[in-house]
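Biologist: Please show me the model, and let us then go through it by question and answer.

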Amino acid sequence: MQTLAQHLQQQAIPESLTQLLLTLADTSKSISQAVRHGALAGILGATEQENVQGETQKKLDVITNDMLKDALQASGHVRGLASEEEDYVVPVSDAGEYLVCFDPLDGSSNIDINSLVGTIFSVLPALQGELTEQSFLQSGRQQVAAGYVLYGPSTILALTVGKGVSFFTLNPDSGAFLLTQDDVQITKDTAEFAINMSNQRFWEAPMQTYIADLLLGKIGPREKSFNMRWIAAMVGDVHRVLCRGGIFTYPTDNKNPEKPYKLRLMYEANPMAFLVEQAGGKATTGYQSILDIQPEAIHQRVAVILGSANEVDTCLEYHAEDY
Ligand code: AHG
Ligand code: MN
Ligand code: MN
Ligand code: MN
């Protein structure tokens with residue numbers, strides 16, 4: 001089986017990008033170790049701090065953020081980094097050619113129940129000049145690589161460098177990431193959706209109607225039965241979509257009018273949209289492709305609808321209707 005390093009050598013990408021991706025993969029191995037030790041390592045539970053999102057940070061949010069920050073600062077290839085757990089962008093090395101945005105631990109609410117969590121990352125080219133928040137505000141189309149690591153029953157890295165999507169499984173014996181699936185393709189059609197149904201009353205009319213029609217099953221306009229799944233960690237839900245198709249959405253809602261969206265553009269929506277498009281799927285807000293959004297702030301949030309191309313298209317038809 002091909003190792004991640006061997007696979008990257010064949011991709012005709014700059015050596016500096018290969019080294020950066022290997023650094024991210026190596027750090028994820030350490031994170032995987034920490035996650036596995038759980039309560040034995042005293043790493044479960046919350047801290048008393050809040051992040052810039054207004055969320056109480058879990059101990060593992062902080063630990064994994066520090067692990068990635070330390071590794072990226074030591075790599076020599078990173079100009080600056082941005083993280084869900086850092087209020088401001090962090091300048092790293094003047095010589096670095098890349099900017100890295102990451103969600104060090106996605107699915108924080110799953111930590112204390114020993115359920116699925118992961119790490120999501122996005123790599124952008126560093127531009128000339130002083131490093132500011134503005135340097136990061138490039139559309140998702142500018143990403144040169146993106147991926148996630150899922151700390152599940154096995155640890156899996158999903159990666160794209162813009163030439164399709166590959167899965168690598170961590171061999172816990174040798175510590176190597178081995179290529180276990182190349183050219184991942186999302187099925188065009190699906191009968192599975194993922195949404196937090198408890199927010200139903202807060203959604204916009206198009207999403208209300210779309211989901212209501214899915215729930216009607218064979219007697220509704222869709223004329224087929226749909227199944228529902230919700231892992232409460234975007235990494236897990238997107239991984240399922242990549243594996244067997246589906247539509248995943250965290251749509252606009254008016255539960256808190258000041259925060260109509262939940263997921264963050266730069267380190268959740270953009271990397272996942274890049275992976276999904278590279279696997280033949282679609283990713284949209286309902287009105288615009290995620291990857292075409294011109295970011296305005298590093299912690300900006302967006303509505304996300306992604307997955308099987310034909311199902312996302314159907315959902316878009318509801319959004320094009322006049323309600
Ligand atoms: P994070 O743990 O990085 O803050 O992200 C959590 C996100 C995302 O992973 C998931 O899809 C969503 O929050 C779950 O939201 P609910 O709590 O509404 O289910
Ligand atoms: Mn997250
Ligand atoms: Mn997180
Ligand atoms: Mn969080």
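Predicted model: local features only at pLDDT ≥ 70, side-chain atom pairs only at ≥ 80, totals over all residues.

Modeller: Residues are numbered from 1 along each chain as its sequence is written, and chains are lettered from A and ligands numbered from 1 in the order in which they are written.

Biologist: Which residues does the UniProt annotation "binding site" cover, and why do they gather at one spot?

Modeller: The annotation comes from an unreviewed UniProt entry; such annotations may be inferred rather than shown by experiment, and positions follow the numbering used here, with feature names shortened. The residues span 166 residues in sequence, yet no two of their C-alpha atoms are more than 8.6 Å apart, so they gather at one spot.

Biologist: Is Asp106 buried or exposed?

Modeller: Asp106 belongs to strand E5, residues 98–106; strands (E, at least two residues) and helices (H or I, at least four) are DSSP runs numbered from the N terminus. A residue is buried if 20 or more other C-beta atoms lie within 10 Å of its own, exposed if 12 or fewer, and partly exposed in between, with C-beta atoms placed from the backbone. Asp106 has 30 other C-beta atoms within 10 Å, so Asp106 is buried.

Biologist: In which helix is Glu268 found?

Modeller: Glu268 counts as buried, with 26 C-beta neighbours inside 10 Å. Not counting residues up to four places away in sequence, Glu268 touches Asp103, Ile120, Met234 and Leu263; contact requires C-beta atoms, placed from the backbone, within 7 Å. Glu268 is found in helix H7.

Biologist: Which residue of E8 is the bridge partner of Tyr151?

Modeller: Two strands pair if DSSP finds at least two bridges between them. Six bridges join strand E7, residues 145–151, to E8, and the two run antiparallel. A hairpin joins E7 to E8 through three residues. The bridge partner of Tyr151 in E8 is Thr155.

Notes: Contact = placed C-beta atoms within 7 Å.
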